[in-house]
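Please look over the sequence and the 3D structure shown here before reading on. The notes that come after them are meant to be read side by side with the picture.

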Amino acid sequence: MNIFSVIQSHANSKKASDLQRFFKTGKGEYGEGDIFIGIVVPVLRKIAKQFSTITLNDVLKLLTSEIHEYRLIALFILVDQYKKGDESIKKRIFELYMSHTKYINNWDLIDLSSPHIVGDYLLDKDYTTLITFARSSSIWKKRIAMLATFADIKNGRYERALDIAEILVNDSHDLIHKAVGWMLREMGKRGGLKEEEKFLKKYSRTMPRTMLRYAIERFPETLRLSYLKK
């Protein structure tokens with residue numbers, strides 16, 4: 001069986017309906033028009049592992065599909081091939097990713113791929129692209145930029161995350177509030193508490209409430225409440 005047949009063999013219409021609601025695919029919602037066939041992530045990972053050596057051309061067919069699960073499998077395969085590849089493969093996968101971001105258009109697709117491909121590739125390179133993405137009108141490009149900095153945070157580097165967070169600190173979309181707050185929280189959790197608190201001292205009174213709640217989630221209760229009362 002080819003990968004498309006295998007994927008379709010796991011389709012579940014009841015689960016598809018649940019996923020359509022969960023990922024906000026209704027009219028006017030952030031995932032408007034996205035199509036699900038009802039396959040859970042552990043199964044998608046298993047399929048991706050089974051077909052991890054398919055060509056990038058075949059991966060691209062999955063990535064450009066209108067079906068959400070196809071795109072997520074494509075990204076799982078890209079992450080795996082990126083991790084195992086040499087520098088030329090990493091560069092090719094990074095470029096493929098960045099030229100097809102219109103298909104990486106929901107938060108799960110971004111969160112499970114951007115740090116591992118975009119963030120990792122740019123660790124020792126200029127990050128002007130992330131700044132450009134953060135300043136775009138696309139919530140998905142903004143989230144890709146913010147989540148890419150997770151790679152820096154895991155390496156004890158916080159400047160890029162703070163730069164992107166500062167651009168997005170007054171963004172209007174809830175998905176961006178959560179992304180920024182999450183990365184600030186990870187910064188504090190992984191050794192950058194001083195940098196996180198400096199950022200919060202500057203912006204905690206004006207940043208969106210959801211962003212703040214995410215950022216201070218792991219703070220001691222007394223400190224957390226003091227921020228919420230400001």
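The model is predicted. Two helix pairs are described here: α10 packs with α12 at an angle of about 150°, while α3 packs with α5 at an angle of about 55°. The structure also holds 10 aromatic pairs, and F94 with Y121 is one of the pairs described below.

**Helices α10 and α12**

- Helix α10 covers residues 139-148, and where it packs with helix α12, which covers residues 159-168, the two axes are 8 Å apart and the angle between them is about 150°.
- Because angles over 145 degrees count as roughly antiparallel, α10 is described as roughly antiparallel to α12.
- The crossing of α10 past α12 is left-handed, and the residues that make the contact are K142, A145 and M146 on the side of α10, together with A161, I164, A165 and L168 on the side of α12.
- Sorted by class, the residues of this contact between α10 and α12 are six nonpolar and one charged, with no polar residue.
- K142, which lies in α10, has a relative accessibility of 12% and therefore counts as buried, since the cut-off for buried is under 20%.
- When neighbours within four places in sequence are left aside, K142 is in contact with F133, A134, S136, S137, L168, D171 and I176; L168 is also one of the α12 residues in the helix contact.

**Helices α3 and α5**

- Helix α3 and helix α5, the latter made of residues 68-84, pack with their axes 9 Å apart and at an angle of about 55°, which makes α3 oblique to α5.
- The crossing of α3 past α5 is right-handed, and in it V41, L44, R45, I47 and A48 of α3 meet E69, L72, I73, F76 and I77 of α5.
- By class, the contact of α3 with α5 comprises eight nonpolar residues and two charged ones, and no polar residue takes part.

**Aromatic rings**

- A pair of aromatic rings is described by two values, namely the distance of the centres and the angle of the planes.
- Among the 10 aromatic pairs in the structure, F94 and Y121 form one that is stacked, with 4.3 Å from centre to centre and 20° between the planes.
- F94 belongs to helix α6 (residues 87-98) and Y121 to helix α8 (residues 114-121), so this pair ties together parts that are 27 residues apart in sequence; both F94 and Y121 are buried.
- The rings of F199 and Y203 have centres 4.8 Å apart and planes at 45°, so this pair is tilted.
- F199 and Y203 are both in helix α13 (residues 174-203), and because they are four residues apart there, about one helical turn separates them.
- F199 is buried at a relative accessible area of 6%, and Y203 also counts as buried, at 12% relative accessibility.
- Ring pairs also link F22, F23, F36 and W107 into a cluster.

- L56 is found in helix α4, which covers residues 56-63, and with a relative accessible area of 10% L56 is buried.
- Although L56 and R92 are 36 residues apart along the chain, their C-alpha atoms are separated by 9.3 Å, and R92 is among the contacts of L56 beyond four places in sequence, along with L78, Q81, I93 and L96.
- S65 sits in the loop between α4 and α5, where it counts as buried at 13% relative accessibility.
- K24 is found in the loop between α2 (13-22) and α3 (41-50), and with a relative accessible area of 36% K24 is partly exposed.
- Most residues other than glycine have a negative phi. K24, however, has a positive phi of about 55° although it is not a glycine.

Conventions
Residues numbered from 1 in each chain as written. Predicted model: local features only at pLDDT ≥ 70, side-chain atom pairs only at ≥ 80, totals over all residues. Heavy atoms only, no water. Buried < 20%, exposed > 50% of the residue type's maximum accessible area, 1.4 Å probe, protein only. Contact = heavy atoms within 4.5 Å. Axes fitted to C-alpha atoms, helices over the stretch in contact; angles between N-to-C directions. Parallel < 35°, antiparallel > 145°, perpendicular 65-115°, else oblique. Left-handed = near helix turned anticlockwise from the far one by under 90°. Nonpolar A, V, L, I, M, F, W, Y, C, P; charged D, E, K, R; others polar. Phe/Tyr/Trp six-rings, centres within 6.5 Å; stacked < 30°, edge-to-face > 60°.
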